[in-house]
Amino acid sequence: MKQPKVNIPLLPEVLARKELYSSAKPTIIGLTREELHEKLLKIGTEPKDVKMRLNQVWRWIYQKGITNFESMHNISKPYRSLLNDHFHIRRLKISEKLISSDGTKKYLLSLDGCNEIEAVYIPEKNRGTLCISSQVGCTLNCSFCHTGTQKLVRNLSAAEIVGQVLTIKDDLNDWNPNAKPKLDKRIISNIVLMGMGEPLYNYDSVKDALHIIMDNEGIALSKKRITLSTSGVVPQIEKVGNEIGCLLAISFHATTDSIRDKLVPINKKWNIQTLLTSLRNYPKLSNSHRITFEYVMLKNINDSDEDARRLVQLISGIPAKINLIPFNPWPETLYQRSTRKRIDAFATIVNRAGYASPVRLPRGEDIMAACGQLKSASTKEKRLPKKPVEVQESQICRTNI
Ligand code: SF4
């Protein structure tokens, strides 16, 4: 018997999801200038016009933050509809936004309807830093890091990396439709790749995304305002200096291989000496291009005076700054934060050796947005807590930046 046709109304959120993800058209976001040039030719742009068209589209998208082709007023109507027939400019979907009592904002962003990542905006007195992700999950299992308990699902595309910046610029109203905003007027003045994932295990997409973010005709953040943090993927480090040129941070966290093997297991592949040799050869290394050593302070694990002395000996000769990060706990962690007294004693030794050693104030702890606390709700692969290091007293606790 023929079934009567019933029209079931779609819920608004289902419609929104369909609208966001079911488009057969690709996004125009995340294409490098060369790729966009090629695509515009492919859709029928006159070769003599392609450079002009590319510049027009680029400025609308990355300088003015336009999210539809219809608003590109200096482009003819037929060409706008040609663009609209072939591309979309939509943003990532904000699944959840949490605001900390200290003003830090944590965003859960939906990529494709099933995978999610986190990004965090940290407002400070003289700047606003956006921490973005490069992978869904992470393969590296750093034992102090919450993201490390989430298995790697996939790498992000350049579109998804740039998409985090555009989506959060929209949310913070950080666009200036009339001109290139001065840096002190920007809400997002700095970007750090210290969110979920190891950026150097997704090198090509990260490189393309950062070139788009640095492009002077668009978002135009200088390479000195972008910091890429790596756990120490040695073969890629020189390429970062030569091909991207942004600032570099190293998730260092230990002064002996035996401890670093446990905290940052990639150390078993590229140990401390191998890593430091690659840093000594980092292109453009200078006092204005210092390397940041991230050092999470873990009680009775890596926080002794001896550790502090060994740290300054190890990095001797490298223009560097050492960020001391009081550990930010997360559920099931085995570590504890070092006491303030211990952190200060450690900082004094590092400081007397001539290195800046700011102690990073924990930000966004109440919303689990602090360094090393990020973990998206998708694919919550739970790793059973295991004892990472031999500790003396009561043990427990972990981070990233
Ligand atoms: S610290 Fe970075 S590299 Fe290590 S597990 Fe966490 S996200 Fe991955």
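Author: Here is a walk along the helix contacts, with a word on confidence. Before we start, this is a predicted model, where local features need pLDDT of at least 70 and side-chain atom pairs count only at pLDDT 80 or more, while totals for chains, interfaces and linings use all residues. Residues are numbered from 1 along each chain as its sequence is written.

pLDDT is the predictor's confidence in each residue, from 0 to 100. The chain's mean is 86, with 83% of its residues at 70 or more. Over residues 1-22, though, pLDDT is below 50, and it also stays under 50 over residues 379-401.

Now the helices, which are DSSP runs (H or I, at least four residues) numbered from the N terminus. Let's take α5 (residues 158-172) and α6 to begin with: their axes come within 8 Å and cross at roughly 40°. Axes here are lines fitted to C-alpha atoms over the stretch in contact, and angles run from 0 to 180 degrees between N-to-C directions. The two helices are therefore oblique to each other; angles under 35 degrees count as roughly parallel, over 145 as roughly antiparallel, 65 to 115 as roughly perpendicular and the rest as oblique. On the α5 side you'll find Ala-158, Ile-161, Val-162 and Val-165, which meet Ser-205, Val-206, Asp-208, Ala-209, Ile-212 and Ile-213 in α6. Contact means that C-beta atoms, placed from the backbone, lie within 7 Å. By class, that's 8 nonpolar, 1 polar and 1 charged. (Ala, Val, Leu, Ile, Met, Phe, Trp, Tyr, Cys and Pro count as nonpolar, Asp, Glu, Lys and Arg as charged, and the others, Gly among them, as polar.)

Helix α6 (residues 203-214) also packs with α7 (residues 234-244), their axes coming within 11 Å and crossing at roughly 20°. That makes α6 roughly parallel to α7. Here Tyr-203, Lys-207 and Leu-210 of α6 meet Gln-236, Lys-239, Glu-243 and Ile-244 of α7. This contact splits into 3 nonpolar, 1 polar and 3 charged residues.

Arg-33, Leu-36, His-37, Leu-40 and Leu-41 of α2 make the contact with Val-50, Arg-53 and Leu-54 of α3, giving 5 nonpolar, 1 polar and 2 charged residues.

Key:
Two residues are in contact if their C-beta atoms, placed from the backbone, lie within 7 Å.
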